[in-house]
Amino acid sequence: MIRPILKYGEAPLHQRAEPVAAITPDIERLIDDMIETMYAAPGVGLAAPQVGVSVRIFVVDLSVGRERDGLMTFVNPEFVERDGMQLEEEGCLSVPGFNATVVRPARAVVKALNRHGESFEKEGTELLARAFQHEMDHLDGTLFVDRLRGIKRDLIVTKIRKLTRAGKW
Ligand code: NI
């Protein structure tokens, strides 16, 4: 089932998500819905708080469903290693219509449980390292806008406030 994607300003996006205690049928349904919602958007990543569930799960598929083994599900993810730095344009399904250059690690290794509760590690570089950091930020209540400084951030926040007041956000 495709779930509505929350937008900047809605509470679950701005709070720290809770660890998943067990892979229950509800959690499995949530993961399935997140995957369906990500593909429908379409997007390359989606975190549970974006569909209003404040738990530590995200899904990533840089191929947006085109590659058989492109889909990855991360439950209770943690960074094992992060190094380097990259600067690229980035957007977010919860901040539609905006993007900005964000500093991210060039390489990141994430340890997590898969949807069967088995532990695994995945290394990402370039876009995948960026996606890992972006989605991990969602689990800590941080959006890419929060990572910006000064005028660029103010500009986006002001525009979102105007859209919100106009009932268009
Ligand atoms: Ni996002």
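Which residues have the most contacts inside the largest nonpolar core? In this predicted model, they are Y8, V95, F144, V145 and I156, within a core of 15 residues. A nonpolar core is a set of buried Ala, Val, Leu, Ile, Met, Phe, Trp, Tyr and Cys residues joined through side-chain atoms within 4.5 Å. Strand β5 (99-104) and helix α3 (150-165) each supply at least two of the core residues. Helix α3 gives the most, three residues. Helices (H or I, at least four residues) and strands (E, at least two) are DSSP runs, numbered from the N terminus. Beyond four places in sequence, F144 has contacts (heavy atoms within 4.5 Å) that include V95, V102, H134 and I156.

The model is predicted: local features need pLDDT of at least 70, side-chain atom pairs count only at pLDDT 80 or more, and totals for chains, interfaces and linings use all residues. Residues are numbered from 1 along each chain as its sequence is written, and side-chain values use heavy atoms, without hydrogens and water.

C92 lies in the loop between β4 and β5 and H138 in α2, so the pair ties together parts 46 residues apart in sequence. C92 is buried at 11% relative accessibility, and H138 at 1%. Buried means under 20% relative accessible area, exposed over 50%, partly exposed in between (1.4 Å probe, protein chains only).
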